[in-house]
Amino acid sequence: MENKIGVLLTNIGTPDSPTPSATRRYLKQFLSDRRVVEIPRALWLPILYGFILPCRSTKSARLYQKIWTEEGSPLLMHSRQLRKALADTLNIPVALGMHYGHPSIPHALEELKKKNIQKIIVLPLYPQYSATTTAATFDAVSAVLKNWRVIPDIQMITDYADHPLYIKALADSIQTAYDQHPSKKLIFSFHSIPKKYVASGDPYQSRCEKTVSLLAERLNLTEKDYALTYQSRLGRAKWLQPYTDKTFHALPKKGITDISVMCPGFAVDCLETLEEIAIRGKEQFFKAGGKNFRYIPALNDCKRHVELLVDLIRNN
């Protein structure tokens, strides 16, 4: 029975390089997903091809250039490190597949197929379930498997927003940061989604709130000690609020000039954490009158994160 069980570790993906052309390919694939953008295609595609891709590709490329490393995209680098740590600990095949870009989910599944895997545990690196992320991963996996003659047993981990080891790992990271530099306010920033998705039944908001509630309880935080905000909105539709950037502008006016920021919904550091928060968010906060701004890194491949994911896999 050796090597009959394997793990498909997935993440959202990244451009292959910080160039307009590579970023355009990535955004085209990402923003064409019906799970991500639910606007009817006849309305959305002209907007996507006529306005968003021509304008956003160059702008996004410049943002990626700010955080690009010798090993490439931080998201891909950290995801690869996490994959290796899991494989070394579990001693079973672990393949990494990006929903958009490379290495792709189809490539990762073929990698497991060549190893004659009979059961695949799918672990999307999205702690809080949303149709825009976790369900989109299910769609991508299903699209590949529908062409296989022999379908392996599939177990998909859809959410771990309230897993005790997840909460502990985040709390330990916060405590370590606070032991060095305590702040007046702790901001928990999550990727936003349109409000109408939540109104249609997406549990994402409640799962984010659950994570923060458990963290506050574990760290003995009062309501004045922290705030939950949402970042990375796109377009003019109403997204989940309060918005992170507007919070950065507002806090100094309320006399709060010393903050720390954590992004619990991002398993590894990426454009949204490193550029949008650690660089641009800091600039926004200082411009509004802030004095001290500290970004608490994502869990990445730290020991506590590996222990959490190993526990999730073993329990499945």
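## Cysteine 208

Cysteine 208 is buried, and its relative accessible area is 0%. This value, like the others in this report, comes from a predicted model. The closest cysteine sulfur to that of cysteine 208 belongs to cysteine 263, at 11 Å. Because a disulfide requires two cysteine sulfur atoms within 2.5 Å, the 11 Å between cysteine 208 and cysteine 263 is too far for a bond.

For the sulfur of cysteine 270, the closest cysteine sulfur is in cysteine 263. The two sulfur atoms are 7.9 Å apart, which is too far for a bond.

Under the 2.5 Å limit, the model has zero disulfides.

## Histidine 163: position and burial

Histidine 163 sits in a loop, with β4 (153-156) on one side and α6 (164-180) on the other. The relative accessible area of histidine 163 is 15%. Histidine 163 is therefore buried, since the cut-off for burial is under 20%.

## Histidine 163: polar contacts and neighbours

Two partners of the histidine 163 side chain can be described. One is the backbone nitrogen of leucine 165, which the side chain of histidine 163 reaches at 3.0 Å. The other is aspartate 311, whose side chain makes a polar contact of 2.9 Å with the side chain of histidine 163.

When residues up to four places away in sequence are left out, histidine 163 touches Leu308, Asp311 and Leu312.

Key
Residues numbered from 1 in each chain as written. Predicted model: local features only at pLDDT ≥ 70, side-chain atom pairs only at ≥ 80, totals over all residues. Heavy atoms only, no water. Buried < 20%, exposed > 50% of the residue type's maximum accessible area, 1.4 Å probe, protein only. Helix = DSSP H or I, 4+ residues; strand = E, 2+ residues; numbered from the N terminus. Polar contact = N/O pair within 3.5 Å; in protein donor to acceptor, adjacent residues only side chain to side chain. Contact = heavy atoms within 4.5 Å.
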